[in-house]
Amino acid sequence: MADKHRISFEPVDIEMEVGEDEKILDAAFRQGIHLMHGCREGQCSACKSYVLDGEIQMERYSTFACNDAEVEEGYVLLCRAHAFSDCTIELLNFDEEELLNSAPLQRIRTEVVEIVEHTHDIVGLKLKPVDPPAYEFKPGQYADLTIPGTDEHRSFSMATIPSTADHIEFVIKKYPGGRFSALLDDGIAAGDTIELTGPYGNFTLKNGHVLPLVLMAGGAGMAPVLSLLRHLSETGDTRRIRFYYGARTAADLFYLDEIRALGERLPDFGFVVALSESTEGAGELGVTAEPGMVTDVVAAREPELHRSEVYLCGPPPMVDAALALAASQGVPDDQVFYDKFTTSVRDE
């Protein structure tokens, strides 16, 4: 049995136990401590922290996320780090409100309820929690789904909200040869079992915040934004809310009826689609459509972007462009929310 050690986090005065055989970030999730994180694979730097005391070793990681000089200085990626003594770690990026206010990591056996073709390359997947028959999460978070017949997983954002207790809904982009998404065409069917682990992610609404919301999404990034909208509508949020969705053509749009219905229950809601290839047919769908990339449309329509909280989800180029836009408009870092996970981006 692996030895266990105590981890003390500063400056938040939180302690936890970790086994030498588990990564520090995973141990935190297991104990309901919601540390900042992104890819969980050593590719980003969301969980980068500083070791004040103790012996820590890291599994393989990207030097783009933590370079050699930083490692020598004492920086560490908690998603790749194992503790081999009691340690004191300084958290560099944390949300005090979220630290002890998130659901602990859960492993659930689910049953496939429905697979729906939304567009030519976007599929909806509905799962029913079976064992245990309940799943706790926050709107906007994501989960890992195990590829049937393997120990591998892919990460997908949830489109549902906790009050929809009878199923968990995902929006998944199909990739040619994708290890998981290809099974949605031939290999996964209603009644099949899929193992789910979660929740993960920081793409969540913050209690007590009052700034207007600008939501940007593209492709399967619809999922967590739809989850936020469902929650905002359910709770009767009164803020100004603008949702910008980027696609290529009108044929790539989906969930329009529900977005329209959710918007009707919100006092100050607007929905605009940005179509990069053609706006033909968008008017017949009853949506406001503009040509171009979603970031260009937001830049033109949101001159006060720095006075908003900005939520981003979509393909990496879209997220990178949106982050650049937010920075150029002077949006503070603590008003920009996005999850950067890699396993669902390249489903191979």
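Mentor: Let's start with residue classes: Ala, Val, Leu, Ile, Met, Phe, Trp, Tyr, Cys and Pro count as nonpolar, Asp, Glu, Lys and Arg as charged, and the others, Gly among them, as polar. This is a predicted model, where local features need pLDDT of at least 70 and side-chain atom pairs count only at pLDDT 80 or more, while totals for chains, interfaces and linings use all residues. Residues are numbered from 1 along each chain as its sequence is written, and side-chain values use heavy atoms, with hydrogens and water left out.

Trainee: What makes something a cavity, and what makes it a pocket?

Mentor: On a 1 Å grid over the protein atoms alone, a cavity is a set of points where a 1.4 Å probe fits but cannot get out, while a pocket is an open set with protein on both sides within 12 Å along at least five of seven lines. Lining residues have an atom within 4 Å of a point. By this rule there are 2 cavities of 30 Å³ or more.

Trainee: Which classes make up the lining of the second largest cavity?

Mentor: Its lining has 6 nonpolar, 3 polar and no charged residues. Phe29, Ile33 and Pro199 are among the residues there, and they count as nonpolar because Phe, Ile and Pro are in that class. The second largest cavity holds about 40 Å³, a volume being the space filled by probe spheres set on the points, which are joined across faces, edges and corners.

Trainee: And what about the largest cavity: how does its lining divide?

Mentor: Into 8 nonpolar, 2 polar and 1 charged. The lining includes Lys48, Ser49 and Asn93, and the volume is about 50 Å³.

Trainee: Which domains does the second largest pocket draw on?

Mentor: At least three lining residues come from each of domain 1 (4–91) and domain 2 (106–200); the bounds come from an automatic or database domain assignment. That pocket has about 480 Å³ of space. Of its 22 lining residues, the closest to the centre are Asp26, Arg40, Asp144, His153 and Tyr200. By class, the lining has 5 nonpolar, 5 polar and 12 charged residues. The assignment also gives domain 3 (213–340), and the C-alpha centres of domain 1 and domain 3 lie 34 Å apart.

Trainee: How do you know that two strands pair?

Mentor: DSSP has to find at least two bridges between them; strands (E, at least two residues) and helices (H or I, at least four) are DSSP runs, numbered from the N terminus. Strand 9 (residues 122–131) and strand 12 have 6 antiparallel bridges, so they pass that test. Gly124 stands opposite Val171 in strand 12.

Trainee: What order do the strands of that antiparallel sheet follow?

Mentor: The open sheet has 6 strands in the order 11-10-13-8-9-12. Strand 11 (153–157) and strand 12 (168–173) are called edge strands, as each pairs on one side only.

Trainee: In which sense do strand 14 and strand 15 pair?

Mentor: Strand 14 (residues 213–218) and strand 15 (residues 241–247) pair in the parallel sense over 6 bridges, with Gly218 opposite Gly246 in strand 15. They belong to an open sheet of 6 strands ordered 17-16-15-14-18-19.
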